[in-house]
Amino acid sequence: MMNFTAFYLTIQQVEQVCSFQLSWGQGQNLSVNVAYPENLTMLYQEWQKIYLSFYNTALRGKVANMGSLAAPPIDWHARLVQAEAQFLSVFHNWLHSAELFDIRKQIAQVSKQNQTRYLDIFIACITPDLAKLPWEVWEIGTEFALDYIQIRIVRTATNRRETVINTQGKYPSKARILVILGDDTGLNFESEKQAIASLKDYADVKFIGWQSNKNIDYLKTEIVQTISSQNGWDILFFAGHSNQTNLTGGELGIAPGVALSISELEPALITAKDRGLQCAIFNSCNGLSIADKLIDLGISQVAVMREPIHNQVAEVFLPRFLQALSEYKDVHESLISAAQYLKVEKNFTYPSAYLIPSLFRHPGAELFRLQPAFMDEGIKKLIPNRREIIVLSVLLIISLLLPVQQFLLQRRVLLQAIYRQLTGQVATVATPPVLLVEIDEDSIRKAKISNPKPIERKYLANLIDKLTANQAKIIGIDYLLDRHQGESDRILANSIKTAVKSAKPTLFVFAGTANQDGQWLRVLPNIANLNWSLEGEIEILPGYMQLLPDHNSQYNNSQSSDPDFSKLLNPGATSISSFSGLLTLGYQLQQSSDAPQPKLDSQEDFFQQINNSPDRKVQDRSHSQTITRFSYSLHQMWMHPIIDFSISPQSVYQNIPAWQLLENQNIPKNLQNLQDIIVIIAPGGYEEAGLNYDGEDNFLISKFPAIKYWRDQENPINKSQVLTGGEYHAYMIHHLLTKRLVIPIPDFWMIGVAILIGKSLNLYLLYLVPRKKSNQPQSLILVTIITGIYGLISLQVYISATAILLPWLLPSVTLWFYILSAILEKKSDE
């Protein structure tokens, strides 16, 4: 079924009157009679005579009584240009005459309703002299401003006894082209051979024809048998001398002094049509009768030259035609493209040559076009080769290694920090949401603590007293209080209970975790009760968030927001809600007057009280998703939110040494009232900090290059070489409060996407782009632009409210691998 609206225009001349009969649609038709210009035939003959005189040698046909250019020097070029202008002027004026207005208007009206790019007008000329006229130059749509649609003139035969067989899309992965090279006397087929051979990536090409040592009878038999080959052909191409004849449909010069008429080839051509032949191209002379005959035989489309054509013109025309065909344009588009090239680019060299090509087409046929080879062999070509399997396997395995993921993640976060600063997207806040009270080396020395492991409870009690005096309403203690210290426990318990029973009670969140034996270590009951306080997991996996518990989590039955995550951290451990998550929940609930408040006489688990509170509002991303929980079983962290160290620490927390708070020295004004700040009492980087071994709470800053980058921006430069657990918790609290939860798309997934894109580009470069060295820089530029733009988009998407981390390095390496593979393969074929 044709995908365009078509008109059918039959033109017949009776004496000096021409009849134009237009038909379209469902039986609509319009007839107009118009006088034939008296001087049009004379001007055409004059133009034809000068045309033949200009191209008087190496014509692909036999022209009698042409004379020679050896006589007086005549500027045939100027005369030809002038003759063409005079002839076309009268021709155009006739076609734009008032008598033909109704036909032009009708075509324009239907064109405006047409939703396709092209509208074809099939012209059949009953009178032979009319058929010679260049109807293709009729510019029908110009007076109606039809710029959005191209009206194409296509010819058809007056007699069409045979039906066409539409095999478009049914032929093999590569089109089959039969090239017949005829009598080459005075001609040169080398450029045409090269042009046709360039289609080897798109079609299977077979050359046959005249050779000096070939027997004529054998040549004729070979031509006939090859045309009717069992395998069939999609395109038949002929180059050489040809002429039109009245009774035999034209003749093809197959050898010096030897011709085959179309009528002799008729049985073979009919067989070829039945076996899929759709298109015939004659790069030879005087092809009107040849085209008429082949359309009559049911060949769906035939491209011919209506006049004699110079050998050099034929050599220029065919490569442009085949180039357009190799770009998957249809035959008509390709012919128009080649004729336009002759008109625009080569008119000074080959004047009037653009007027010669014509396409004849059976009205019931779809236009032929080459199909991408990989569309039919897609499955075969998509199968990775040995090199691809090795490289892609390595990339995919690398993407699944958790240490590699963490390494790449932190370098990406560093890049995001730099990008933030360069683009001026660094957030600044007057008062960060978290205050870290750090018990550092100086605090330990000033307090004369001989062994900070475990930390003295009296010292913690002093800090709590000081903080509650400054109206701190939520305090997290990042120390395990699981062992007795005698009288010190009572002092600490009194300070905590005093803060809880005040008019505006303070909520305490204590640290808990599992030891190496899986035994849960928690706050002593003589220090605090979980009916009026909370306890959270302090263990972390560097680079990733701890998530909030589900709304229906049971605090005391080892049900956490990401149970498999805690097992990944410490297999066999019993998990509870995270330390930072509980601090965040407590802070959010304390902003509401109706939220449950800690009470010393409470008989119900306080976590369950806040968990059931209607004021609890959490973000979906703060819970682990199904795919994420599944990935834990694979020891992966797919779509588990990360810590965004690209945010400056100054926007996340303030820190103050414990001794400075106790001695009330240089306390910033914004820390003198802590009612709206989450306070964490935490180790400040001293060597003994840790549960299982000294320094366990101190993470090397080299593993978090973004934090080092921000510290290097401080004035004076912060030379600390560690990131403490307290600082890590502060970041998680900040992200939960601000809903800044960056979801990383797994490298494994994006490598899969890059494989699809890369393989597509690889096949495109291998099979659709001409094999020229000049294409290699364009390919490299293309992939550079693609990966560069993707990189910039991924950087901005990360920072935006969307907060998605699109991995760049490994997917880009995958894409580059495919492009370079294609370039190297093409280079090896050159």
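This is a predicted model: local features need pLDDT of at least 70, side-chain atom pairs count only at pLDDT 80 or more; totals for chains, interfaces and linings use all residues.
Colleague: How are H1 and H2 oriented to each other, roughly parallel or roughly antiparallel?

Modeller: H1 spans residues 40-54 and H2 spans residues 76-95. Their axes come within 9 Å and cross at roughly 155 degrees. Angles over 145 degrees count as roughly antiparallel. H1 is therefore, relative to H2, roughly antiparallel.

Colleague: Is the crossing of H1 and H2 left-handed or right-handed, and how many charged residues does the contact have?

Modeller: H1 passes H2 in a left-handed crossing. Residues of H1 including Trp47, Ile50 and Phe54 meet residues of H2, among them Leu80, Phe87 and Trp94. By class, the contact of H1 with H2 has 14 nonpolar and 3 polar residues, and its charged residues number 3.

Colleague: Why is the H19 and H24 pair called oblique?

Modeller: H19 covers residues 579-590 and H24 covers residues 725-738. Their axes lie 9 Å apart, and the packing angle is about 45 degrees. Roughly parallel needs an angle under 35 degrees, and roughly perpendicular needs 65 to 115. H19 and H24 are therefore oblique.

Colleague: How many nonpolar residues does the contact of H19 with H24 have?

Modeller: H19 passes H24 in a right-handed crossing. Among the contact residues are Phe579, Leu583 and Tyr587 of H19, and Met732, Ile733 and Leu736 of H24. The contact has no charged residues and 5 polar ones; the nonpolar count is 7.

Colleague: Is glutamate 222 buried or exposed?

Modeller: Glutamate 222 lies in helix H6, residues 216-227. Beyond four places away in sequence, glutamate 222 touches Ile208 and Lys214. Its relative accessible area is 17%. The cut-off is under 20%, so glutamate 222 is buried.

Methods:
Residues are numbered from 1 along each chain as its sequence is written. Side-chain values use heavy atoms; hydrogens and water are left out. Axes are lines fitted to C-alpha atoms, for helices over the stretch in contact, and angles run from 0 to 180 degrees between N-to-C directions. Helices (H or I, at least four residues) and strands (E, at least two) are DSSP runs, numbered from the N terminus. A crossing is left-handed if the near helix is turned anticlockwise from the far one by less than a right angle, and right-handed if clockwise. Contact means heavy atoms within 4.5 Å. Ala, Val, Leu, Ile, Met, Phe, Trp, Tyr, Cys and Pro count as nonpolar, Asp, Glu, Lys and Arg as charged, and the others, Gly among them, as polar. Buried means under 20% relative accessible area, exposed over 50%, partly exposed in between (1.4 Å probe, protein chains only).
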